[in-house]
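Please look through the structure below before reading on. The paragraphs after it lead from one place to the next.

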Amino acid sequence: MEKEKEEGSKKSENYDFVVIGAGATGMAAAMYAGRLGLKTICLGATHGAELPLGGVITTTNIVENYPGFIKLTGEELANKIKEHALSYELVTLKEEKVEKIDKLEKNFIVKTSEGEYKGKAILFATGTKWKKLEVRGSKEFENRGIAYCALCDSPLYKNKTVGIVGGSDSAAKDALVLAEHAKKVYMIYRGEKIRPEPINMKRIEANKKIEIINRANVVEIKGDSVLKSIILDREYKGSKELKLEGLFVAIGHIILSHLAKSLGVKLNEKEEIVIDHKTSETNIPGVYAAGDVADKPFKQVITGVAEGCTAAYSAFEYISKNQIVPT
């Protein structure tokens, strides 16, 4: 009874467009929706999120591949997109965790721990989170030697010795990117043999900078103010300690699509949201997805931002065509 009273007292607000996820993709979508005259709310603490507003890009120290900015931090880029979105009076940003989404006729009810938000269209920009090493020292050296995006951060390790944990094709491609800058790259994989695509296997074998350590797991990360070495669970060349200046983790991602799945949105075998890549629409009319949570092979902040803006425009057309009013 008390719970029912509490839920009944929650505020309820009406919006045209509800964006779930306040990473770069979600905030860019909110910005574009504001330009199109849609009353929009962007909710920043999504299901399973462990990141601040701005999303995964905020964990990147240097961004050098976003058009218009030669070099800036991921946090600076996220803040610029946020400021742009909030320059439109129709856009609201709230740091609230979405707990449930219901469909009511042509509207969607987005429930958070703080209240309820009714939307005529919704966007899932919930992204992913990296699978992390659950070993001693991993939390302490996050952003102090431990990194996840080789494409973003490899220039920071020019002429340095680095390691990458993982044996997939993605890990192999990351190793090749790292080898363009680092003087030495160790691939550390728990299995008998790394498993990239044949062409990338040939490239790895041909690259003298890359050395593979098979049948090994990282069990500890050591250092002072920054990462200095890692401890393996078996000896390699006479020692379990391997001196490194950086460690990249490429053991996969967790797709944050649980909320979409509970609404009946179609997912693929990787748990990514299946979208129409021309419109960013899902199998449910009025429901869109963009960024890392969507089913695309190339995931970068610039592609997510583009998809988010496409979704906002598609939502604008959907709402206008169907003349949806709040129920």
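This is a predicted model: local features need pLDDT of at least 70, side-chain atom pairs count only at pLDDT 80 or more; totals for chains, interfaces and linings use all residues.

Residues are numbered from 1 along each chain as its sequence is written, and side-chain values use heavy atoms, with hydrogens and water left out.

A search of the whole structure finds five aromatic pairs (ring centres of Phe, Tyr or the six-membered ring of Trp within 6.5 Å; planes under 30 degrees apart are stacked, over 60 edge-to-face, the rest tilted). One of them joins Tyr15 and Tyr117, which are tilted, with 6.2 Å centre to centre and 55° between the planes. Tyr15 belongs to strand β1 (residues 11-20) and Tyr117 to strand β5 (residues 115-124), so this pair ties together parts that are 102 residues apart in sequence. Strands here are DSSP runs of E with at least two residues, and helices are runs of H or I with at least four, numbered from the N terminus. Tyr15 is buried at 7% relative accessible area (buried means under 20%, exposed over 50%, partly exposed in between, with a 1.4 Å probe and protein chains only). Tyr117 is also buried, at 0%.

The sheet has three strands in the order β11-β12-β13, is open, and has antiparallel pairing (two strands pair if DSSP finds at least two bridges between them). Its edge strands are β11 (218-223) and β13 (239-243). In β11, Val218 stands opposite Leu232 of β12.

Glu307 lies in helix α8 (residues 301-322) and is buried, at 12%.
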